[in-house]
Amino acid sequence: MTMLRTLIWFAVAAVAMLGAVWLAARPGSVIVEWRGWRLDTSVGVLLVGVVFLILLGVALWLLYRWIVGAPGAFLEGWGESRRRRGYRELTQGLAAVAAGDGGEAQRHARKAEQLLSEPALTLLLSAQAAQLNGDREGANRAFKAMLADEQMAFLGLRGLIAQSLRDGNQAQALDYAERAFALKPQTPWVVHSLFDMQAQLHLWRAAQDTLDSGVRRKVVSADRGRTLRALLLVERSRAAEHDGHDSDVLGMAREAFGLAPERIAVASRLAELQIKTGDARRAMKTLERGWSLSPHPDLAALYLKASGESDPLKRVGVVRKLAAHKPDDLESHLALAQATLDAGLWGEARRHLDAAGGSNPSVRVCRMMAELEERAESDQTKVRSWLARAADAPADKAWRCTACGAHHETWHSVCESCGAFGTLHWRAPGTFGQILAPGAPKPAIGMTTMNTVSGG
């Protein structure tokens, strides 16, 4: 590029020199008469004079432009400097927020408001600074002011949702979440939060609409959406039964089982309704399929109920038929151990408990062993030994929330600890937080997410 410019300048200089030589060879003369004045000169001098006058005119025009534009340029430069200082204060304020220094953040927020004519940006900083300082009213004012700006309204709604949840105002939080969903229905946190809120308030139909929208927009995976829809249908079936809409109850339970037969709650619900309607044979088929996918003590209890068998020895045969659908599973051995224990078949009970416990039996196995020794009228030392082992034995499977880790004694569609929907699974033991008894008070609605829902 530099070489090209050099060549161009050489070409221009060569043309200028050729022109000068040409004029020197042909000097000529020019006579100008004007109002009694006479000017005699050469052509070359006249051309130089014309060029000079042109340059002088350009210089005077530039001077005029500078004089006229100087005040505006000064004000623009001052404004630009003001904006730079404002953005610097904004940056420092956000850094203070990140560091958790509420006082410093508010100081920079006030300076940024004075320097910048963009309230949307400064409102965000003001809201975050107010939150750090515990000024709930100030934060609410800032977030609500953000709603007036089209570009900041969504962010303002998110802040208002969080504020409403902290205040325990569930209805207000749901309203803000619905407004945020209307603005950006493809945003994952909006879909997840709105879905959980609707589920926690038992708005099952609305939650299903939100879920369907999330699946269509690929915010929720098809597999996760399938399972969540099945659990929603279980709850809708219960609600329909409560409201006396009996014609819809069994249909929704069947649809749920068709979607997610591996979910224990889904299989249990359909079997319960089939038993209730007198269709015990179908109930047993339902439970057999459910057991083959996810064995659980509740399914075994329903299977015995559907069989209508009361004789302890015959009940062993019933349980054996169910366990045959997954014979090597821990729950199959435990179900058979309980049935044989109730029938007084001590040897069979011991064999199944040994198979279930292995070298490191769980609490449930140890207690059943202690019960076996006591009912078989063995040495009380053995009973005490098994009870002592139960104190230090590994915990059994339990209903565990995969979102927060809380234990529950019974299954619920909504976790009573964190409020997430569809996250309770029959899982292996561990220390996952407190165990919540049935009927425990529910926490305030929180912004949770749709967790993975495969499994029990």
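Which residues does Gln198 touch, not counting residues up to four places away in sequence? That question is the first stop of this tour, and a few words on the model come before it.

This is a predicted model, in which local features need pLDDT of at least 70 and side-chain atom pairs count only at pLDDT 80 or more, while totals for chains, interfaces and linings use all residues. Residues are numbered from 1 along each chain as its sequence is written, and side-chain values use heavy atoms, with hydrogens and water left out.

**The whole chain**

Show the whole chain as a cartoon, and you will have 19 helices and six strands in view; helices (H or I, at least four residues) and strands (E, at least two) are DSSP runs, numbered from the N terminus. Of the 456 residues in the chain, 41% are buried, where buried means under 20% relative accessible area, exposed over 50%, and partly exposed in between (1.4 Å probe, protein chains only).

**Gln198 in helix H8**

Now select Gln198, which lies in helix H8 (residues 188-200) and counts as buried at 4% relative accessibility. Leaving out residues up to four places away in sequence, Gln198 touches Leu174, Glu178, Leu203, Ala206, Ala207 and Thr210, a contact being heavy atoms within 4.5 Å.

**The aromatic cluster**

Next, select Phe195, Trp204 and Phe421, which ring pairs link into a cluster. Rings of Phe, Tyr and Trp (its six-membered ring) pair if their centres lie within 6.5 Å, and planes under 30 degrees apart count as stacked, over 60 as edge-to-face and the rest as tilted. By this rule the count comes to four aromatic pairs. In one of them, the rings of Phe195 and Phe421 have centres 5.3 Å apart and planes at 85°, so this pair is edge-to-face. Phe195 lies in helix H8 and Phe421 in the loop between strand E4 (407-408) and strand E5 (424-427), so the pair ties together parts that are 226 residues apart in sequence. The rings of Trp204 and Phe421 have their centres 6.2 Å apart and their planes at 50°, so that pair is tilted. Since Trp204 belongs to helix H9 (residues 204-216) and Phe421 to the loop between E4 and E5, this pair ties together parts that are 217 residues apart in sequence. Trp204 is buried, with a relative accessible area of 9%, and Phe421 also counts as buried, at 0% relative accessibility.

**The hairpin**

For the last stop, select residues 30-34 and 37-41, which are strands E1 and E2, running antiparallel and joined by five bridges; two strands pair if DSSP finds at least two bridges between them. Ile31 stands opposite Asp40 in E2. E1 and E2 form a hairpin with two residues between them, and in the turn Arg35 has a positive phi of about 55°.
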